[in-house]
Structure formats: structure tokens, C-alpha cells
Amino acid sequence: MFFHNKSLAIIALGLGLAAFGQAASPGLSLVLPRGGQCGSTVEVRFIGDRLGDVREVLFYSPGFSVEKIEPVPKNSKEARATIAIAADCALGEHKLRLVTATGISPLQTFWVSQFPNAAEKEPNNDFAAPQAVPLNTTIEGTVQNEDVDYYRVTAIKGQVLSAEIEAIRLSNTLFDPYIAILDAKRFELDAADDTPLLLQDCFASIVAPADGDYWIEVRDSSYGGGGNSRYRLHIGQFPRPRAIFPAGGQAGTDTEVRFIGAKGELPVQAVSAPAKSDTNFGVLAKANGFSAPSANPFRVSPFPNVLEKEPNENRNIVPVPEASLPLAFNGIIDKDGDIDWFAFNGKKGQRIHVRVHARSIRSPLDSVLNVYGPDGKNIQGNDDSSGSADSRVTVTLPADGKHFIRVTDHLRKGGADYVYRVEAKPVAPELATFIPRFRAQDTQSRQMMPIPRGNRIATVLQVTRGNFGGPLKFAADKLPDGITMHAAEMPPNIDRFPVVFEAKPEAELDSALVDVNVAHSDAKKNIRGQFGHTVEMVRGPGNRIFYRTEVDRLAVAVTETAPFRIEINTPPTAILQLGSLNLKVRAIRDEGFDNAITLRLPWKPPGVSSAGTISLPKGKSEIDYPLTANGSAAVGTWHLAVLGEANTKTGPTIVSSALTELRVEQPYVNIKIEMTAIERGQSGDLLCTVEQLRPFDGEAEIRLSGLPAHTSTEPRKITKETKELIFPIASTKDARARTSKTLFTAIRIPWNGHLLRQSAGSGGQLRIDNPPKPRKNAPLKPKPVAAKKEAPKPKPKKPLSRLEKLRLIAKERAAERAMSATP
């Protein structure tokens with residue numbers, strides 16, 4: 001249960017819905033109804049924005065056939081479709097997007113059930129006058145503020161009667177439901193608020209104690225609600241287990257699972273795991289011709305199962321499996337205070353990764369994990385990790401022999417559904433890729449690729465990698481005809497890199513869900529990773545995520561042409577460390593299109609920076625995009641692209657340039673600025689030592705910058721032979737007495753008819769002193785006559801320092817200027 005707040009609900013509503021795409025993409029805020037029955041045909045309404053040119057519903061899973069889709073006349077905010085749901089369509093959540101002629105919508109969900117839909121009919125908030133519905137029905141309803149909905153069904157003694165609600169999982173708003181099953185005397189037979197399996201959603205289940213009528217109560221747990229508090233309530237004879245054991249299996253194999261916590265007897269069920277890992281895979285309990293409305297998670301891993309054998313509370317008696325790591329250990333903390341031990345054989349120096357899956361498979365267990373060595377000493381332990389209540393450690397085994405894994409609950413709790421799975425494996429390369437968020441708490445914007453015909457769109461792919469190094473390459477499979485993904489090789493030691501999708505001018509309007517892969521550039525390494533995208537659908541207080549869903553493919557579409565294109569002139573020179581460069585950006589505009597275009601660099605080489613955005617003014621077609629490189633900018637040849645965004649007739653439209661080379665090179669010279677002091681109103685010389693880092697031809701101009709007010713100097717020239725140079729510093733009497741520590745030099749170096757720009761000598765100092773105060777006149781006192789002493793031998797003079805020499809030179813030149821000024 002959580003505190004209900006209407007304003008928070010409104011915030012949560014906007015998380016996954018009206019996000020911006022790259023072209024004039026549609027918004028999608030609501031799908032009605034929120035689901036349908038398998039084997040039926042459903043009339044579906046899509047409500048959002050810019051839907052007047054809708055073309056397609058793009059489902060991430062099979063089982064749907066869109067027979068017709070069209071916009072509502074004179075209403076660009078709604079489209080309607082006739083969708084046939086296959087009889088064998090998987091029950092539960094399905095992800096979808098709308099594709100229009102100009103873009104791709106944010107992700108939304110559609111739910112499939114085994115029962116026919118029925119609509120809630122108000123008034124049904126009186127226990128004495130409930131809405132009667134047949135058993136085995138899915139009801140689509142809404143809980144208004146302080147609303148309570150009652151439904152009446154008829155059951156036979158001994159019959160399983162279950163109710164499960166989809167509410168927060170529908171991702172409409174922050175809606176925390178409560179359901180109960182009551183008898184005709186209003187006695188509560190079962191009730192639930194939150195459940196580990198269904199998060200804030202819940203279920204209730206009984207075996208009917210007598211023939212007769214039973215009531216299902218639905219409300220918000222805090223008696224809140226509103227127009228967006230929609231739900232799908234399944235009422236029927238279906239089994240509803242809380243957990244399964246084991247909660248995972250080896251990819252491509254069959255595993256027998258038993259169900260935990262269901263009313264009535266459920267047979268053991270054989271589960272065929274997919275050939276590769278699938279985070280969305282689950283097991284539907286089946287009995288008497290009915291299935292649970294939603295699956296129990298079943299984790300698929302590429303290594304075999306080891307099942308706990310009780311008693312295993314004592315590590316000295318637990319068996320060692322014949323197989324070596326990697327292994328998946330499966331158990332249940334089945335009572336308060338329970339501790340489970342597992343054993344495995346390991347080698348000294350072997351690095352292994354051990355992770356508990358409990359909350360990730362919707363178990364109530366808050367795990368604590370420890371790994372012990374053959375001597376019985378704890379090697380390492382963990383409670384929570386990476387923002388999750390699940391535990392994980394990476395350890396180096398201290399010796400050959402029998403090692404141990406210990407699992408318990410953080411609060412020493414336990415129960416029949418406290419299932420878990422411990423995956424232990426040798427440390428191996430890990431690699432995955434995704435598109436980083438455009439904004440901090442926005443997981444929808446710019447996560448799809450609509451590409452206008454004859455144009456391009458750039459994005460950034462981020463990678464997570466572990467336990468290996470080296471360059472990477474990206475690839476995209478099953479792209480729509482006419483689309484190409486351009487990607488350079490990604491160097492080691494960075495985690496983000498730009499790619500560009502380009503559509504041919506003659507490409508047909510089309511869309512696809514694309515597999516984006518990343519792999520080590522050396523195919524012999526056999527290190528590959530897949531694309532993934534986690535969508536945060538409902539966010540609550542403290543930015544807590546109440547519901548999220550995942551997809552493993554990128555939505556890509558060819559869209560209608562855009563009225564402008566973006567081009568970059570390949571820079572004729574490199575950008576130097578501690579230097580700057582202007583990137584020449586051009587807009588190729590269609591006749592009649594002169595809107596301002598916002599430009600941004602979605603990615604820059606390490607150490608290169610720029611303004612977040614610059615504006616290409618209305619009617620203009622060229623602009624300089626300034627870049628600067630710090631002293632640690634990564635040297636090499638990089639690739640970058642510029643995005644351009646403008647308002648067009650169809651809405652906000654984004655396109656990009658092609659990938660363009662940018663070279664980053666080391667600087668040519670380094671400058672050390674010696675500290676100098678002058679008096680106010682006087683002049684002096686500032687000495688600079690020149691360190692030649694690379695030879696250059698001709699003369700470079702060097703300017704001294706950062707001088708305090710009322711001081712000045714003149715530019716100087718240097719060549720590749722210059723070792724020192726002097727800047728003459730002039731000051732006026734208005735100059736303040738102070739030490740300035742912001743001096744630096746700006747250098748322009750000739751190169752093939754162009755100028756390279758760099759800075760050097762940052763932090764140079766210039767001290768301005770007040771003139772000495774005149775001494776006051778004082779009467780002379782006669783000195784006593786002292787005995788004549790032999791004059792001491794003069795001491796050898798101490799050599800002048802560099803600074804003292806400069807001061808002496810400055811005084812001599814000041815005296816010469818004063819004498820030359822005397823008539």
C-alpha cells in the first residue's frame with residue numbers, strides 16, 4: 001500500500017505516453033479497451049496526438065492481425081482499428097506502437113485474456129445492488145474517487161473462484177487496487193492489496209464453501225481514484241499460484257515445475273524453455289481448462305539447475321553437484337529463520353560471479369548472500385545490490401576445493417512462496433546495448449527511429465560491458481527496405497557512440513522491429529550483446545518506479561519526406577587539444593520552408609565540448625557550431641553528426657547530418673608564462689618560455705589574453721625555432737594593484753592555408769604594484785665618531801634570479817624611455 005495523491009497520479013500518467021519522437025511522431029496516451037479476448041475481434045480506439053495520418057499498429061509479439069485502421073474524421077487526436085486476436089495468442093501484456101506517415105508513437109500496452117470482455121455498469125457501488133456478471137468474465141472498469149465497485153457471481157460448492165486485477169500494470173496512472181471476495185453475508189473470504197507476484201496489483205482466490213452468490217469488491221486501497229484509474233478484473237475458475245518451483249531452467253530444455261499457493265490441486269507442469277534467455281518468459285498455471293490470467297516469471301539461463309535437498313541448513317551435510325560451475329541453485333526459504341546452503345567445487349584463483357534472483361522473479365524474499373571458502377571463512381557477502389533487494393558478489397576463490405553459498409532473508413522471514421534462484425558462473429565477458437535517455441526521467445522520448453525518405457536520423461548507442469576490452473562494432477538486422485544503418489567502429493574505453501539511419505529517396509513507407517547487435521570487432525572473440533529498452537511506465541513518490549516493462553527490438557520506420565536536410569562540411573583541419581574549431585553546418589531547405597532550426601550534437605568525442613544547442617535563424621542556411629577541446633581530449637579520428645529540429649506543417653520534425661570525420665590532435669606548442677610585476681602606470685616585459693611539441697611551417701601568431709583592466713599588450717609571432725618571447729605590458733594609473741592569475745595565450749598556427757587554434761599557458765600571473773610612497777623629511781642627527789676600522793672585504797654578489805633580471809631590465813627600459821622623453 002502507498003499514499004495516494006492525485007497530483008502524483010497526474011505526473012505518473014505522463015511517463016510513458018506523449019513523448020517526442022524524431023520526426024513529427026504521434027503521441028499515444030490511451031488504448032481502449034485496454035485488452036481483449038484471445039480468438040476474438042476487437043474494435044480499438046487509440047487516443048493521442050497527430051494521429052491523422054495513422055498507417056499501422058506495430059505489435060512486439062505475434063497473435064494480432066490488424067484488419068483495418070483509420071483516423072477519426074476531423075479529429076487528429078484519435079484513430080480506430082479492427083484487430084483480430086489469434087486463438088493461441090499469449091495471455092497477458094503485449095507491447096505496441098502506432099506508425100503514422102510521419103513518425104512512430106511511444107510504447108503502450110494491450111492485454112489479452114481468456115475471457116470475454118464486459119463493461120462496468122454504474123451504479124454498482126452498493127453491496128445490496130451489485131452488478132451481476134457471469135463467471136469467467138473480464139470486466140473493464142474505472143474506480144472514481146472514493147468509489148467502490150461490487151460484482152456478483154454464482155459459484156458451486158467446491159469450485160475454485162478467483163479474481164485477479166490489472167490496474168497499475170495497465171500504466172494509466174498511479175492506481176493501487178484492493179480486491180476482496182465476500183459471501184452474501186458480507187463476510188470477507190479472501191482479500192488482497194499488494195502482492196509480490198503482481199506488484200501493486202493483486203488477486204484473491206477461494207474454494208467456494210457453498211452453492212450461491214459471491215461478491216467481488218474493487219476499490220483503491222486508500223479510497224482514492226479518478227477517471228484514469230482503469231482496471232481489468234478477471235473473475236473465474238482459473239488457478240492462481242503465488243509462485244513456482246524451480247523458478248527457472250536451462251535454455252532449450254524441459255523443466256518440471258510445481259505450483260505454490262494456489263487454491264485446489266494443481267498438477268506438476270512441464271515447461272519448455274526458449275533457446276535463448278528471455279526476460280519476459282513465464283509459466284501459466286492450467287487446471288480444468290482454465291489458465292491463470294498472467295504468468296509466473298520463469299528465468300531462462302544457459303546452465304543447468306541444482307535443486308535444494310532438505311535438510312540443507314548445515315553446510316557440512318549438503319552434497320556437491322557433479323557438474324562444475326556455471327550452475328543455477330534453486331531453493332525456498334520456507335519458514336522464518338531458515339538458512340539454505342549449497343556447495344560447489346572451485347579452483348584457487350578462479351573468479352566467479354554469484355547472483356540471487358528473488359525480487360527479479362517476483363518473490364517476497366529480501367535475500368542476503370554469502371560465499372564461503374573451504375576453510376569455512378566468509379569470502380564475501382551482500383544484501384542489496386544495484387538498487388535491488390537481490391544480492392550479488394564477484395569473488396576470487398582462495399583455494400582449491402569445496403566452497404559454499406549461503407542464502408537467507410534479511411529480516412529472517414520465510415514462507416512457501418519465498419523462492420529464489422542463485423546463478424553462479426565464472427566471470428566471463430558481458431555486453432549489451434541500448435539508447436540512453438534523452439532526459440533524466442524520460443524513458444520514451446527518442447527511443448524509436450522514424451527516418452524521412454531521402455533523409456537521415458542520428459542516435460547514440462550506449463554499451464554496458466564487463467570483463468573484456470577492445471573495439472566494438474554495431475549491426476542492425478531486418479531493417480525495412482531502403483534503410484541503412486551507418487556506424488563506425490567504436491574504440492575501447494568509451495561507452496557511447498553515434499550511429500546514423502538513412503532512408504533512400506525511393507524507399508516505400510514501411511516499418512519493422514529491428515534487432516540491433518553489438519559485438520567485439522574480432523569475430524574470433526565471439527563476444528556479442530543484444531539491444532534492450534526498459535520503459536518506466538508508472539512513477540510515484542520519490543521517483544519510485546511502480547511499473548516498468550521491457551522490449552528487445554528497436555522500432556524503425558520510413559516516413560514521408562521532411563522539408564529540410566542537415567549537412568556538415570568535413571572540417572579541413574583537426575581540432576587541437578586545448579584548441580577550438582568551428583563546425584560548418586548547412587540546412588538544405590525546401591522552397592517555402594524557412595523556419596528556425598535547433599541544432600544539437602547528440603554525441604561528442606571524449607574531451608570535446610560545445611553548447612547544448614544553437615539556433616539556425618529563420619531563413620538562414622549556414623551557421624558555425626563552435627567546438628572546444630580540453631587538454632585531455634582523446635586523440636584520433638572520430639565521427640559525429642548534427643541533429644536539426646524544426647516545427648513543420650506536420651509537427652516537430654528531427655533529422656540529422658551524415659556521420660562526419662573529426663580529427664583530434666595534440667597541440668603544437670606549450671607556453672609557460674613567467675610571473676611578472678610592474679607598477680601602476682608603468683610598463684614592463686612578460687617573459688614566456690616556448691616548448692615546441694610538434695614542428696610547424698611559417699609563423700604562428702600568439703596573443704596574450706586574460707590581462708586585467710587598464711593593461712594592454714601586442715600580439716607576437718613565433719616559429720618552430722622560437723624558445724622564448726616577451727610581451728611588452730603597458731598599464732595606466734587606473735589599473736588596480738592586484739595579482740591576476742588568469743593569463744593565457746591564444747595561438748593561431750598556419751596549416752595548409754588554414755589556421756589551427758589552440759591555447760596554452762593557462763594560469764599565468766601578472767602582479768601590479770602601487771608606486772612606493774615618498775619618504776618624509778626628518779632632521780639629521782649627528783653620528784658619533786667611531787674608531788676607524790679596517791673596511792671589510794666585499795661579499796661575493798648573489799646571482800640575480802630570472803624574475804629579478806626581468807625587473808632590472810624593465811627599470812632600465814623605463815629610465816631610457818624617461819630620458820628620451822626629456823627635451
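What share of the contacts with a separation of 6 or more comes from residues 24 or more positions apart? In this protein, that share is 70%, with contact meaning heavy atoms within 4.5 Å.

**A note on the model.** This is a predicted model, in which local features need pLDDT of at least 70, side-chain atom pairs count only at pLDDT 80 or more, and totals for chains, interfaces and linings use all residues. Residues are numbered from 1 along each chain as its sequence is written, and side-chain values use heavy atoms, leaving out hydrogens and water.

**Figure 1. The largest nonpolar core.** Here are 65 residues, where a nonpolar core is a set of buried Ala, Val, Leu, Ile, Met, Phe, Trp, Tyr and Cys residues joined through side-chain atoms within 4.5 Å. Buried means under 20% relative accessible area, exposed over 50%, and partly exposed in between (1.4 Å probe, protein chains only). F474, F501, I566, I597 and L599 have the most contacts inside this core.

**Figure 2. The surroundings of L599.** Leaving aside neighbours within four places in sequence, L599 is in contact with residues including I566, V585, I614, L616 and Y625. Glycines turn up too, G612 and G644 among them.

**Figure 3. The loop around G470.** Look for G470 between β39 (456–466) and β40 (472–477); strands here are DSSP runs (E, at least two residues), numbered from the N terminus. With 15% relative accessibility, G470 counts as buried. Not counting residues up to four places away in sequence, G470 touches R465, P492 and H520. V393 sits 77 residues from G470 along the chain, and their C-alpha atoms are separated by 25 Å.

Note on methods. Helix = DSSP H or I, 4+ residues; strand = E, 2+ residues; numbered from the N terminus.
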